[in-house]
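Please keep the structure in view while reading.

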Amino acid sequence: MRESKLLIYGATGYTGRLAVTEALRCGLRPVAAGRDPEKLAALASATSGARVLATRAFGLDDPAALAGALEDVSVVLHCAGPFSRTALPMYDACLKTGTHYLDITGEIDVFEALAARGSEAAAAGIMVLPGVGFDVVPSDCLIADLAARHPGGRTLRLGLAARSGASRGTMRTVAQAIGQFRIRRDGAIATVRPGQLRHAFDFGPPPDAALVGVLGDVTTAFHSTGIPNIETYLQATRSFTRLTRVLRGFGPLLAARTGQALLNRLLDRGPEGPSESARRTAHAILVAEIEDVEGRRVAARVRTPDPYGFTATVAVAIAGRALAGDVKAGYQTPSSAYGADLLREFDDVTWEVLGDQATAR
């Protein structure tokens, strides 16, 4: 049997560094990996006070070299996006080496592509669990719990209010998906125009209004619950409302190659991500609402701490469970792998039922 070993790929990125730090704090001995050996050496030097950090430099464009780099690895935590470009090469290597695959994506196309290959992962005896960070872990657990308590749901609506900045990697993913606002209708994914759908959620702090957005739950919630109609929304803050208006007028131009190049140049000039002081006060609120065929609705809400720190915490916790052999082969969502109560294991998370269902629990 191979030694139980965790490799964190994209370890020198914004979220990857947080994951490495969290893994060391938890007593794990990860291998920090990425393309740039100099950045990896700097990371190892910066973390040497906690524990000696092993590093491994390789790219994702050479399948043979990639598989060789994973030959002795039991679990990969993949943190290098955009995952639309990086997920499948890493997954293919995991399939060859019998390595369990975790990532922190929120991209619908990635979830769909990996779900479509779940049977081969099951045959290989590996777990494929994308989306082991924010928002998917808290949203998936919230939705799965609500659906189990109130079966028969036909429509799911999820709202997100984030009091947090965004990393450069997150914004690159957002830029790549510009104009592709998608929902699920009768089991199939459909595209809607920015601002086409609006809904009100009890976020707590105003505003309650939200506009249709793009969250990976369009796929993950479908696999976790089977609910055929799914819509995801972002709180209608001034900045998101302005962005929606821009996308309605210029979305196709920004989605074109020239527009994407311009957006990426602008992102390169910005900060890598929120500062540590900003993350200390950041938090996020998720509200899930399920409606049945007769129009009856139930809703629940969770509040999590800083999305980036929380991503590192839950991703490393799940990686630790996988290292210990706590896995389910094939494609999984957080709740299908570990149950909806997974979320209740983490500190500083509040979870409450809203409205008339408050006494049901």
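## Second largest pocket

The second largest pocket holds about 300 Å³ of space. Its lining comprises 15 residues, and P305, G309, F310, T313 and D348 are the closest to the centre. A pocket here is an open set of points on a 1 Å grid over the protein atoms alone, where a 1.4 Å probe fits, with protein on both sides within 12 Å along at least five of seven lines; lining residues have an atom within 4 Å of a point. Grid points are joined across faces, edges and corners, and the volume is the space filled by probe spheres set on them.

This is a predicted model: local features need pLDDT of at least 70, side-chain atom pairs count only at pLDDT 80 or more, and totals for chains, interfaces and linings use all residues. Residues are numbered from 1 along each chain as its sequence is written, and side-chain values use heavy atoms, with hydrogens and water left out.

Helices α1 (14–25), α12 (276–281) and α13 (307–323) each give the lining of this pocket at least two residues. Helices (H or I, at least four residues) and strands (E, at least two) are DSSP runs, numbered from the N terminus. By class, the lining has 9 charged, 4 nonpolar and 2 polar residues. Asp, Glu, Lys and Arg count as charged; Ala, Val, Leu, Ile, Met, Phe, Trp, Tyr, Cys and Pro as nonpolar; the others, Gly among them, as polar.

## The open sheet

In what order do the 7 strands of the open sheet run? The order is β3-β2-β1-β4-β5-β6-β15, with parallel pairing. β3 (54–57) and β15 (330–331) stand at the edges with a single partner strand each, so one side of each lacks a neighbour in the sheet. Strands pair if DSSP finds at least two bridges between them.

Strand β4 (residues 75–78) is covered on both faces: V75 and L77 are buried on one side, V76 and H78 on the other. Buried means under 20% relative accessible area, exposed over 50%, and partly exposed in between (1.4 Å probe, protein chains only). β4 runs parallel to β1 (residues 6–9), joined by 4 bridges. I8 has L77 as its bridge partner, and Y9 stands opposite H78. On β5 (residues 100–103), also parallel to β4 and joined to it by 4 bridges, Y101 is the bridge partner of V76.

β4, helix α4 (residues 83–97) and β5 form a right-handed β-α-β unit. Right-handed means that, with the strands pointing away from the viewer, the path from the first strand over the helix to the second runs clockwise.

## Backbone details

The peptide bond joining G81 and P82 is cis, with omega about -5°. P82 sits in the loop between β4 and α4. A cis bond also runs from P206 to P207, with omega near 0°. P207 is in the loop between β10 (198–200) and β11 (209–212).

D186 is not a glycine, yet its phi is positive, about 50°. D186 lies in the loop between β8 (181–185) and β9 (188–192) and is exposed at 63% relative accessibility. D348 is likewise not a glycine and has a positive phi, about 65°. D348 is in the loop between α14 (334–338) and β16 (350–354) and is exposed at 64%.

## Cysteines

With a disulfide taken as a pair of cysteine sulfur atoms within 2.5 Å, the count is 0. C26 has its nearest cysteine sulfur, that of C79, 14 Å away. C26 is partly exposed at 42% relative accessibility. For C94, the closest cysteine sulfur is in C79 at 13 Å, too far for a bond. C94 is buried at 0%.
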